[in-house]
Amino acid sequence: MSVLLVLPILLPLLTGAATLVLRPSRLLQRTLGVAGAAALMVASLLLLAAVAKHGIIATELGNWPAPFGITLVADRFSAIMVVLAALMGLAVAIYSLGSMDAGREKEGYYPFYHFMLMGVCGVFLTGDLFNLYVWFEVMLIASFVLMALGGERRQLEGALKYVMINLVSSLIFLAAIGILYGAAGTLNMADLAQQLPLVDPGLVTTLAMLFLVSFGIKSAIFPLFFWLPASYHTPPVAVSAIFAGLLTKVGVYSLIRVFTLLFIQDVGFTHFLILLLSGLTMLTGVLGAMSHDEFRRILSFHIISQVGYMIMGLGLYTPLALAGSIFYIIHHIIVKTNLFLVSGVAHRLGGTYELAGLRDLYRLAPGLSILFVISAFSLAGVPPLSGFWAKLILLRAGLETGEYLIVAVALLVGLLTLFSMTKIWGKAFWQEPLQPQPMPHRTGGHRRPLYLLYLPMTALALLTVAIGLLAEPVFLFSMQAAEQLLDPAAYIETVLRGGR
Amino acid sequence: MLLFSLVLIFAAAALAPWLLRFGAVRASTFLTFPPLVLTGYFLTLTDRVGAGAVVESHPWVPALGVNLTFYLDGLSLLFVLLVSGVGTLVFLYAGHYMREEPQLGRFFFFLTFFMGSMLGLVLAGNLITLFVFWELTSISSYFLIGYRHGEEESRAAALQALLVTGLGGLALLAGFLLLGQVAGSLEMSAVLGSGEVVRDHPLYLPILLLVLAGAFTKSAQFPFHFWLPSAMAAPTPVSAYLHSVTMVKAGIYLLARFSPVLGGTPPWQWSLILAGAATMLLGVVLAIGQNDLKRLLAYSTINSLGILVFLLGIDTEKAVHAALVFLLVHALYKGALFLVAGIVDHQTGTRDIRQLRGLGRQLPLITVATALAALSMAGFPPLFGFIGKETIYHVVLDAPSAAPLLTLLTVLANVLLVAVAALFVLKPFFGRPAMAVDPHPLPAAMTLGPVLLAAGGLVIGLLPWLIDERLLTPAASAVLATPTQVELALWHGINLNLLLSLLTFVLGAGAYLGWLRWGQMAARWRPLAGWGPATWYKWGLKGLTGTAAAQTRILQHGYLSLYLLAIFVATCGFAGLALWRAGGVPLALQLGDLQFFEAVIALLILASAVVAIRSDSRLGAIVAMGVIGYGIALIYIEFGAPDLAMTQFIIETITVILFILVISRLPAYAELSSRGSRLRDALVAVAGGGLMTVLVLAALATGSESRLADFFAETTYPEAHGRDIVNVILVDFRAMDTLGEITVLGLAGAGVAALLRLRPTSKRGENRHQSQEQEEMRQSLILATATRYLMPMLLLLSLFLFLRGHYLPGGGFIGGLVAAATFSLHAFAYGVKRTRQILRLRPRTYIGLGLLLALGSGLVSLVTGHPFLTGRWEALQFGAMGELQLGTPLAFDAGVFLVVIGATLAILLPLAEGD
């Protein structure tokens, strides 16, 4: 069973290293790229099954007992995140087959793609704070290369802002780890949870702020989100899509992890601050989306606004609220990735991401229209799609705790989300061209079969519909995951007795 | 069964696009069957419902209290019959009406989907389920209003309707959640039974206002009425079905449904009466002077919706009766008239009453139907409309308060109805025929709808006992939550009501005669409408997008330096807040322990930092940064970590070399920041540095001795078979970190190589050629000779450093760096091309192999069932020389060695190539 914990890290590493070693043949790269993602998918499902069956599982790497070695640990929250990462990894890998240009495929798109997945899975599975930092670095460097690969001017501009701001995040994170280690004498998170009550509470809360800022940058919350809208619209769409699905969620995961396990000394201050920031994040994000007229820029700002919802549950800090956050993350990863994938097909049909240039997709591409409508409405929280339940749970949690203001903000932002989605719909899909035009001719490199694009998009759209119609199991799972988070005793015990 | 009826409709919706392949008429005829069957089925349920509500529940998300519960009582039944009955006729009609339009598959999908949603809405027995269907009606309405999506007007109207009803929908959701919280359940049956609890709860008023917001937006009450006239951009069957008979009545349904829970209080009565009266009046005012048949009907619908809300607000038993009667009256005549408007439009191509005339000859049957519907609208006996109007007059005359005022308002509203009804019949159908009319005879399917609906008004008017006992009594009992009896009769004798009716006719006739003249007058007032809610909506939208643009310009301005500044300010701000809240933290500041050597290093670092900031050349800044790095390495030495120090020295050196390779390609060094911004940055920098200092000192003050260090010291030799603790930590205790870090390093190397190779405007071919010449020129005989002798020794040194790593300072990392430096030297001496030949494999292959080796070494232990990366050791005996422990951590370290070589060369070689 302990091997299930390492596989989600080792499989992408193996795929990445193998694609790096093998000669740059496109066929090999593509085959391995998808096969590796599929293997990861299988491994992640096995992990989820194990966690669902046995509860929290842990393994001590190198067989060194906790807290001296590094422990990998998976509770329900970790396991579902790994599954989602693997699912998006597979979906976007298939999509890449149909959309990535030959140059990037030869020059290492697939290795970096898998190394990024390795970092993401590492974050979700590690039980060690410094190890978490290492996975953040793996993810950051891999994603930076993916973002800059190709070297177009826009890309480099975006990638520079991306990497600079994220390096600052790493710097703050590293400093915070160092100081925390100095004060508490351990890096193992379960052990830290036990040692922190012995440390001066003022110091702990101040350090919590450093973690909030560092992970807040990664999650793109207000006022730290600048890197995201500056960069997500620049790389090839498959890269945007996998980033949109996973990267900010890694930050959100980390925020939820440390603010339920470690920094719970002064919830009245820390979690209220998070709640405040969640409201501002929702608002500023959606307003940003409303002010743009480019498909991917609109979607990028929506990520910010949606992250607001995810940390709203953390800020409310009740079991139902955290379940809402987890549900929201599950829903969001699927839907957001898909929206970016849809934007890629729109780009292929219309030759641009500018709404002013995209027209008439409703007539030209009915299938794409359906996929867009499902995902966009789900994002806006229209029932009975997955986003509706995610919002419903959070709203209920907010009303139950009497936080009416944040509920009002969440509702309003839902409407504004719908508004900006109808903007895309009205312009790119509904508006007819001034003069009837033939289908835009497909340019070089775009001759690949469309089913490679539609297959993953359709699967993800069906998933959001399925989560909407069968919300009960997903909600129950989220609730159990939230209860595990709010009662860390089992987590601590499992880790410190070495997963045995 | 109730669930099945919904499934039937949604299945029909899913089939619709496919059915349309067989032609619009055939498809729509087929699609009339499901609602027809449902109408029949629900008619058979009247007796059961009369005996009590039918409840059917299927679990959906029971953990959240959300179930697919259906609740069929008299009120739901009335609405279900409206939805399915009128739906049948509309589908029949629409197939012919729309047959030449494009995208009919989607049209019929959304129309059928709407029907299912509307049925779900009125059948829902769970607050959340109700809300789900409520939203689905808004969504399908969006797509139906926007059917002619090529036109800007349609798109704007669709969006307007969606936003207005969407806003109300969100309020409704909040209201429902609060209501569920107060009532303790989201199930309708429980909520309906907890009226007293709810009305006495402090949250009553918020709940009421939120629910009303939902109802008023959906049912187009002032000030949300403006979306309804715009929605007339939809094809006529949609206007008839959604925007007069069913969807706009959803708000009325909601009010009636929850009046046992929320009603009976002054806030309820006042808000409903005020909103209803205002809407009534507004419908009258706005209708005056309209010339478009559909717009006339739209404003009269607003008026009628106002009447309905107003009646529910009066909140007496008779008022509820009157509301239900009028609901049915209105559905019959308004449905008929809308369909007629569509026919007129279809046959003549216009809906302007100033142009239409004399259609009576061509469309005799339609003329009769129109006349009947209009007479019902105007409230003439013996039509159902007459009964409706009489009941209403009866209610307002007996109203508990302000009866004269309410009566006046109602009469005014009815005068409008008379005028509109007269316009609708007399203008298009009478007078001299002077219009070009579509010569094709009107298909029976299109005639059937208006004729049946209009005839319904006549039949019920003559035989009101057909419905009062069976249909209206259960509905009224449901709204009032007590048994009640609705008794309808055409003739009540001569009384005040009848006099009022006569007055209404007279005034209505006057209004008709003066219509066009008033129209001119109204045209003069029309600018006043510019101050109305439609304009608020426009301003609101503009203000919102303006705000959005402004805030985004402020936040997402594009300057990296300011982004970073904001982040540092936020960091200091949040941390400062926490410190302030804690009232400070204990600090450990013992300068007495400071050694001279440490102070020198500290000063060196500080001085270099100042130089790096002040320097006006890049090179100077970089060298100063290098000195800082060396200073840190010295600190490592001072505190007994020679491995780290060695690594740091080599890294700093390589970094400086890298910078120097790159620096020549950068633009000239310029000072762009003003004095003020430098001062500001300095302040933030000092704050940030101060914060870190405080935190470090605080950590020292509370810091416990690390338990980890002791453990490492005790186990490093006996269990991990190494003496150099740092190396053992790297390759064994925390090997996973190292695996991650060499991945980072490998990624950086491979990434730089890939980025340099793949560039959009690559002139690599030329450059390479050129650089080859450069390389040849650069070769120096002395360097080449020296390198030839040095290289084997240096490589041996690197191997030595690597191998001894486990026991003495060294290891894969340092060894790899030395090897990489050696190959770099070779590249400088013989040219990159020769170096690549010696290496045989590409640097990225070294990286990949190194990673695979490290990974493989960790996998060994999995075979024996130990966790990943567990060290496996074998002792090799060398007789007298002792033994040598060989283990997987050494293989791991070899992986590190390879990755470091590959990564360093992957970065250095392309740069040295001078591409």
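Buried area is the accessible area, computed with a 1.4 Å probe, that two parts lose on being put together, summed over both. This tour visits a predicted model, in which local features need pLDDT of at least 70 and side-chain atom pairs count only at pLDDT 80 or more, while totals for chains, interfaces and linings use all residues. Residues are numbered from 1 along each chain as its sequence is written, chains are lettered from A in the order in which they are written, and side-chain values use heavy atoms, with hydrogens and water left out.

Begin by showing chain A and chain B together, which bury about 10500 Å² between them, 77% of it on carbon and sulfur atoms. Next select Trp64(A), Phe68(A) and Trp430(A), the residues of chain A that lose the most area to chain B, together 8% of what that side buries.

Now select Asp128(A) and Arg734(B), whose side chains meet in a salt bridge at 2.5 Å, N to O; the term asks for a side-chain nitrogen of Lys or Arg within 4 Å of a carboxyl oxygen of Asp or Glu. Between chain A and chain B the count is 3 salt bridges.

From there, move to helix H6(A), residues 129-148, which gives the most to the side of chain A that touches chain B, with 12 residues; a helix here is a DSSP run (H or I) of at least four residues, and a strand (E) one of at least two.

Finally, select strand E1(A), residues 57-60, where Ile57(A) and Thr59(A) on one side and Ala58(A) and Glu60(A) on the other are all buried, that is, under 20% relative accessible area with a 1.4 Å probe, protein chains only.

Conventions. Buried means under 20% relative accessible area, exposed over 50%, partly exposed in between (1.4 Å probe, protein chains only).
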